[in-house]
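Q: I'd like a close look at one part of this model, taken slowly. Could you walk me through it and then show me what sits around it?

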Protein chains: 2
Amino acid sequence: MVPDHDGAFAPTTEDAPSSSGFLDDGKNTIGSQLASRLREAIISGELQAGSKINLDKARKTFNVSLSPLREGLARLISDGLVEFEDNRGYRVSSISLANLEEITTLREEFEVFALRESMRLGDVEWEGNVMRALHRLNRTERDAARPETLERWEELHREFHLTLISGCGKPILLHFCRLLLNLNDRYRRAFLTRTSGDRNVSQEHSEIAQGAVARDLDYACDMLRQHIHRTGTNLRKHLATKGIL
Amino acid sequence: MVPDHDGAFAPTTEDAPSSSGFLDDGKNTIGSQLASRLREAIISGELQAGSKINLDKARKTFNVSLSPLREGLARLISDGLVEFEDNRGYRVSSISLANLEEITTLREEFEVFALRESMRLGDVEWEGNVMRALHRLNRTERDAARPETLERWEELHREFHLTLISGCGKPILLHFCRLLLNLNDRYRRAFLTRTSGDRNVSQEHSEIAQGAVARDLDYACDMLRQHIHRTGTNLRKHLATKGIL
DNA sequence: ACTATCCAAATAATCGATTATTTGTCAAGG
DNA sequence: CCTTGACAAATAATCGATTATTTGGATAGT
């Protein structure tokens, strides 16, 4: 038997385009479904940061047994959204200013590096994917009054950033970036209902994308770094407003 | 209740110095113990890369029930040593030339970045830890004839590299570096029984450490990068010898 | 009043058995 | 001869019950 040989950190089935019309959404087992629901619950803030997760209550809330619940939680640990301690159980990872700052710093390092590699190695297919992701994002309205538009926008925004770096040919790096994006999104969903007035985010995305497909390495990387940095600065302000250290 | 607030990716209890004389080695639950044993089994090559992990057999081998077995395996997924697919089970992550090259590249980027941050932010305590880790490593003999010395050396080597970057004040980054080191160690344990003749590894470590505590950023970073690079090159040759693509 | 110790309730971990899914094999049809 | 479908064996996922650990509170001793 020849192993598939995707290597470690091959992209998980999550958020695959799901091209087949069948109802196979890659979330077969209860454990998988739970992982998704819990992830969404944490990123959206439904499960408060830092709070303990009582297995018994969660079991009743989600109407499942312990085994798949632990299974699901275990996956969120890989995502950095949940922490675990022997005999003490699970808790939602805390948020803090230091944590946000680290995430921002690391995104500036990792994501920018991944973009550079993508520009160096990406093929035409990748270019096309970038332009499509950009278009879909910029065509999607973000109306603070309607939460469902926010969620949709977040999804496409995440997709855009991941697509940008998807050409780098480095599964482990992509995995790291995906984690950082997860962690970052929790802050954004919690604190940014609307983008600050002095930014034109659509334009920022366009500049990055256009620089990327034009293979203007330094320009695109610089734009991305600034983009990430600005988001970090914005979020930091919002955290300060709410008195979070 | 005030949350401990270590933030995501706070260092796990693994390989803590275990200062207390008590038999509490932080591996309380069967799941934890299994995770350690499995990790060791994978890194040492006892469990072949790419091979499927049959839950039933593993259950009998380790004489445990399914729940803790899954628990343990789940943790190794976070470590990148095990892959999982719904309804298809677990398998040991494959090794490949591409995978090794990515690990090496990422170590050059991120471990070096972490070292730079450590030099920028580390305190005297950190400096002391570095010198101690260096001393212990260099004083430990590595005799290819006696496997137990190799294991001991690997442990101290790992400890040295982690200590070098432990002052960076960035838990997530440390977590990533720890993973990369894990993945890298599997290659070394599998392919390097002795260091290639043209290297004086002890001296390389000394140069890095001394540059680090002297806060000679560029020098220390450069030495570390070369050190990682050389190891990568060596391993690549050994992989080629064994016909691994 | 303060600390330490012991109990009971709450919670996490584990087990053995059951259910669901996948995989390999073989026969029927093209 | 190849493909397709059905079946059976192998394997993974889940459940409900049991066991072990932690936590909070009451009690006794200083």
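Which residues do ring pairs link into a cluster?

A: Keep in mind from the start that this is a predicted model. The cluster is made of Phe110(A), Phe113(A), Phe176(A), Phe110(B) and Phe176(B), linked by ring pairs. Let's take it pair by pair.

A search through the whole structure turns up seven aromatic pairs over all chains. One of them is formed by Phe110(A) and Phe110(B), which are stacked, at 3.5 Å centre to centre and with 10° between the planes. Now look at where those two residues sit. Phe110(A) is part of helix α4 (residues 97–121) of chain A, while Phe110(B) is part of helix α4 (residues 97–121) of chain B, so this pair joins two chains. If you're wondering about the two numbers, a pair of aromatic rings is described by the distance of the centres and the angle of the planes.

How accessible are these rings? Phe110(A) has 0% relative accessibility, so it counts as buried. Phe110(B) comes out at 2%, so it counts as buried too.

Next comes the pair of Phe176(A) and Phe176(B). Their ring centres are 4.0 Å apart and their planes meet at 15°, and because planes under 30 degrees apart count as stacked, this pair is stacked. Phe176(A) belongs to helix α7 (residues 171–191) of chain A and Phe176(B) to helix α7 (residues 171–191) of chain B, so here again the pair joins two chains. Phe176(A) is buried, at a relative accessible area of 0%, and Phe176(B) is buried as well, at 1%.

Now follow the helix that carries Phe110(A). Helix α4(A) has 25 residues and reaches 35 Å from its first C-alpha to its last, which is close to the 36 Å expected at 1.5 Å a residue. There is still a kink in α4(A), of about 30° and centred on Arg107(A).

Zoom out to chain A for a moment. Chain A has nine helices and three strands, and along the sequence they follow the pattern α-β-α-α-β-β-α-α-α-α-α-α. Of its 245 residues, 48% count as buried. Among the contacts in chain A with a separation of 6 or more, 76% come from residues 24 or more positions apart.

Rings have another kind of partner here. In chain A, Arg142(A) lies over the face of Trp153(A), at 3.9 Å from the ring centre. In chain B, Arg142(B) lies over the face of Trp153(B), at 4.0 Å from the ring centre.

Over in chain B, have a look at the strands. They make an open sheet of three strands in the order β1-β3-β2, with antiparallel pairing. Strands β1 and β2 of chain B stand at the edges with a single partner strand each, so one side of each has no neighbour in the sheet. Two bridges hold β1 (residues 52–53) of chain B to β3 (residues 89–92) of chain B, and Ile53(B) stands opposite Tyr90(B) in β3(B).

β2(B) and β3(B) form a hairpin with three residues between them. Asn87(B), in the loop between these strands, has a positive phi of about 65° although it is not a glycine. At 63% relative accessibility, Asn87(B) counts as exposed.

Chain A gives you another asparagine to check. Asn63(A) has a phi near 60°, again a positive value in a residue other than glycine. You'll find Asn63(A) in the loop between α2 (55–62) and α3 (66–78) of chain A. Asn63(A) is exposed, with a relative accessible area of 68%.

So, back to the rings where we started: the cluster takes in Phe110(A), Phe113(A) and Phe176(A) from chain A, along with Phe110(B) and Phe176(B) from chain B.

Methods:
Residues numbered from 1 in each chain as written. Chains lettered and ligands numbered in written order. Predicted model: local features only at pLDDT ≥ 70, side-chain atom pairs only at ≥ 80, totals over all residues. Heavy atoms only, no water. Pairing = 2+ DSSP bridges. Helix = DSSP H or I, 4+ residues; strand = E, 2+ residues; numbered from the N terminus. Phe/Tyr/Trp six-rings, centres within 6.5 Å; stacked < 30°, edge-to-face > 60°. Buried < 20%, exposed > 50% of the residue type's maximum accessible area, 1.4 Å probe, protein only. Lys NZ or Arg CZ within 6 Å of the ring centre and 35° of its normal. Expected span 1.5 Å × (residues − 1). Bend = angle between axes of the 7 residues up to and from the residue. Contact = heavy atoms within 4.5 Å.
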